[in-house]
Amino acid sequence: MIARLPSGSSLGIGVFTALTVLAVAAGKRRHHQIMPTLIALAGACLVFFALFVSYWFVVELAGFILLIGAVFRDLTLRRRDEARRLGLTRD
């Protein structure tokens with residue numbers, strides 16, 4: 001049996017998924033929390049499984065939902081750190 005190469009759209013989605021995980025992981029330098037990166041990695045694993053192993057719509061959707069949640073959590077932590085550094089918090 002000849003191995004089938006992934007289609008162009010699958011490769012594009014995979015590349016942008018990996019870039020999203022890298023962007024979330026870069027936030028650890030600011031807020032020093034690993035949880036957004038772990039959530040993004042879990043989401044990326046689900047997306048990669050759905051794209052390159054066995055396509056299930058629900059698995060791919062769950063992966064994208066995890067990625068979105070990780071991005072929003074990372075953004076919230078980055079903004080909180082920025083406000084703390086600027087002295088805008090009520091601590």
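Here is a tour that starts with the whole chain and then goes stop by stop.

**Before you click**

This is a predicted model, so local features need pLDDT of at least 70 and side-chain atom pairs count only at pLDDT 80 or more, while totals for chains, interfaces and linings use all residues. Residues are numbered from 1 along each chain as its sequence is written, and side-chain values use heavy atoms, with hydrogens and water left out.

**Stop 1: the whole chain**

Colour by secondary structure and you'll find four helices and zero strands. Helices here are DSSP runs of H or I with at least four residues, strands are runs of E with at least two, and both are numbered from the N terminus. Going from the N terminus, the order is α-α-α-α. The radius of gyration is 16 Å, well over the 12 Å that the globule rule gives for 91 residues, so the protein is more spread out than a compact globule. (That radius is taken over C-alpha atoms, and the rule is 2.2 Å times the number of residues to the power 0.38.) Along the principal axes, the C-alpha atoms fill a box of roughly 65 × 20 × 20 Å.

Of the 91 residues, 25% count as buried, meaning under 20% relative accessible area, with exposed being over 50% and partly exposed in between (1.4 Å probe, protein chains only).

**Stop 2: helix α4**

Select residues 57-86. This is α4, with 30 residues, and it reaches 43 Å from its first C-alpha to its last, close to the 44 Å expected at 1.5 Å a residue. The expected span is 1.5 Å times one less than the number of residues. Show side chains for its buried residues: Val 59, Glu 60, Gly 63, Leu 67, Ala 70, Asp 74, Leu 77 and Asp 81. Their cover includes α1 (8-26), α2 (28-31) and α3 (35-52).

Pick Asp 74 in this helix. At 5% relative accessibility, Asp 74 counts as buried. Leaving aside neighbours within four places in sequence, Asp 74 is in contact (heavy atoms within 4.5 Å) with Ala 23, Val 24, Gly 27, His 31 and Pro 36. Just after the helix, Gly 87 takes a positive phi of about 75 degrees.

**Stop 3: the core**

Which residues make up the largest nonpolar core? Select Val 21, Val 24, Ala 40, Ala 44, Val 47, Leu 51, Leu 67 and Ala 70, eight residues in all. A nonpolar core is a set of buried Ala, Val, Leu, Ile, Met, Phe, Trp, Tyr and Cys residues joined through side-chain atoms within 4.5 Å. Helices α1, α3 and α4 each supply at least two residues of this core, and α3 gives the most, with four.

Zoom in on Val 47 in α3, which counts as buried at 0% relative accessibility. Not counting residues up to four places away in sequence, Val 47 touches Ile 13, Thr 17, Glu 60, Gly 63, Phe 64 and Leu 67. Next, click Thr 17 in α1. Thr 17 is buried too, at 3%; with the sequence neighbours up to four places away left out, Thr 17 touches Ala 44, Val 47, Phe 48, Phe 64 and Leu 67.

**Stop 4: an aromatic pair**

The whole structure has two aromatic pairs. For one of them, select Phe 49 and Trp 56: the ring centres are 6.1 Å apart and the planes at 70 degrees, so the pair is edge-to-face. Rings of Phe, Tyr and Trp (its six-membered ring) pair if their centres lie within 6.5 Å; planes under 30 degrees apart count as stacked, over 60 as edge-to-face and the rest as tilted. Phe 49 is partly exposed, at 32%.

**Stop 5**

Select Arg 30 in α2, which is partly exposed at 36%. Beyond residues up to four places away in sequence, Arg 30 touches Asp 81, Glu 82 and Arg 85. Finish at His 32, in the loop between α2 and α3. His 32 has a positive phi of about 60 degrees although it is not a glycine, and at 60% relative accessibility it counts as exposed.
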